[in-house]
Every structure is written in C-alpha cells, then in structure tokens.
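Please view the sequence and the structure below before reading on.

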Amino acid sequence: MAAPDFFAFYSEYFGERWNALLPALRGEAVYETIQYPEKEPYYLDEASAFAARALGVEPGMDVLDMCAAPGGKTLILAQALQGKGSLQSNDRSPDRRQRLSHVLENTLPEEYRKIVQVSGYDGVRFGMYRKETFDRILLDAPCSSERHVMESEKYLAEWSQKRISHIAITQGSLLASAVDALKPGGQMIYSTCALSKMENDDVVRKILKKRKGKVRVLEMKPDIPGTDQTEFGLQMLPDRCAGRGPIFCAKLEKLENEN
Ligand SMILES: C[S@@+](CC[C@H](N)C(=O)[O-])C[C@H]1O[C@@H](n2cnc3c(N)ncnc32)[C@H](O)[C@@H]1O
C-alpha cells in the first residue's frame, strides 16, 4: 500500500493547493523547441530552460554541467557559449550518458559541439579533483521526480518518505562538491524537479551552514508568470505556471578568498 502514502504525503504537504496541483502534474507539459538547421529538434520544459539560462553563461567561460543527461539544459548552456570556452557535460549513468551523447550529436551544430566534453564521473569527486576550476556550474540534481513517479505503479510502490531524506543527503554532497569546484567569484545554479522543500531550500540552507563564509545566495528574477518565490530561490509548479515545471532553482556565488 505504498501508493496511497505518496498521495497522502503530498496532499498533507500542499494542503488546499494539492487539489489544483495534482491534476496539473498529470496534465500536458509546456515545451520550448531547440532546433538548428538540418538538426533534430529537442523539446525542453520551459521552466527547465529558465533554470539553465539563469546560470548566466557567456562565451569564453569554463562551465560544468555536473548531472547533465539526457542533456536538455546542456543544450542551453552550449548555446550560450557559442563555441567559445569549455563545457563539461558529466553524468554518472552509462545508459543516460549514451543518450546525452546522442542528443549532443543530433541536436547541436558542430561549431557549438566542438567545445563540449562528455564525462562519467561521480559528481561528488569534482570538489576534490577539480577544485576552484569552473566559472559556472549547473547542478541539476537527481531528485524524487514526483511527476514521473506518479506515472508508474512500480515507482509509486517504491516511493517512501524516508527516500526523500536519503536523496537529500546525496544532493547535499553534490552541492558541496559543486561549491568547492567553483572558482572564487564563480556562480552556480542548484536545481531539482522535486516538489518538497526537503530537496530544495533545505539543501541550500545546509550548504550555507556547511560552507559558511564561502558562498552566498543571489537574487533571481522570475520570467514565468505564477513562479513562487521560496526562501532561497524560485519554484515553478504547473498549477500556477500553466503547465510548466516542476522546477526549483537557487543561484549561489562563491565568495572571493580572503587574503
Ligand atoms: C535530473 S537528472 C538531469 C537532467 C539533465 N540536467 C537535463 O536537463 O536533461 C539527474 C541526473 O543525475 C545523474 N546522477 C545521479 N547521481 C549522480 C552522481 N553522483 N554524479 C553524477 N551524476 C549523477 C543521473 O544519472 C541523472 O541523469
């Protein structure tokens, strides 16, 4: 009887709002089409595209997409770099990495693709092995992905509240690694498609404590109507954002080293 647990948990978490959010999560998503001449189109949720653009990537920067597969947000980052600088699109899963390589090959023009390197490291290692290396990092972290869980009896049966705490620990380790891999003055986006604050604001709060004096939260300007302002970032949920989301994103800056 795990499935009723899922619905009971989120119904209690969102209160009245769940009555509108539940059907919106089951409804159609709203996609942006990324397409170059003679290439295959890629369809990306508009809220996901917003999170990737919010990173503020500019040509010439060294950029890491720590959990990049299947690659929708990496396409936005590559577009912003315009073939100048570097983009490391990393994902630990071999199957998903194969899909990422396929997306890069089939969607991006060669002049944008030539600076993209695909790798398969555990994201937790970047903080130690690539310390203070990147100007910009996107950490689109593995999360509960409730919109997908709801589509499958198998995933619903596997869901538990305990799992949220477990995932949040992984997210915290990845976030600490990302902060350590940022150059002083560098910026990052922490994003998830999780619904609850345990995987969103709470993870950010913990890093502000764990890396006290090394990182600060930057303000973000929402451009999708209906976006909710949260304690540290923005959340786009499909009931208020006309089908877009779910996406949470927060922007962090690594502070310059004190001499
Ligand atoms: C939310 S998905 C990323 C979606 C992607 N950013 C996009 O826009 O298409 C999270 C990804 O994290 C990867 N992942 C999970 N744990 C990881 C780890 N420890 N290191 C690197 N990647 C990891 C998963 O394989 C999964 O592809």
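Helices (H or I, at least four residues) and strands (E, at least two) are DSSP runs, numbered from the N terminus. The model is predicted: local features need pLDDT of at least 70, side-chain atom pairs count only at pLDDT 80 or more, and totals for chains, interfaces and linings use all residues. Residues are numbered from 1 along each chain as its sequence is written, and side-chain values use heavy atoms, without hydrogens and water.

**Lining of the largest pocket**
- A pocket is an open set of points on a 1 Å grid over the protein atoms alone, where a 1.4 Å probe fits, with protein on both sides within 12 Å along at least five of seven lines; lining residues have an atom within 4 Å of a point.
- The lining of the largest pocket comprises 50 residues, and Ala69, Arg96, Ser145, His148 and Cys193 lie nearest the centre.
- Helix α10 gives the largest share of this lining, five residues.
- Elements that each supply at least two lining residues include β2 (42–45), α4 (72–81) and α10 (161–181).

**Ligand**
- Around the ligand are 20 residues (a heavy atom within 4 Å), of which Asp91, Arg96, Asp122, Gly123 and Asp140 come nearest.

**Polar contacts (N or O pairs within 3.5 Å)**
- Oxygen atoms of the ligand lie 2.9 Å from a backbone N or O atom of glycine 71 and 3.2 Å from a polar backbone atom of glycine 72.
- For proline 70, the distance from a polar backbone atom to a ligand oxygen is 3.4 Å.

Technical notes: Polar contact = N/O pair within 3.5 Å; in protein donor to acceptor, adjacent residues only side chain to side chain.
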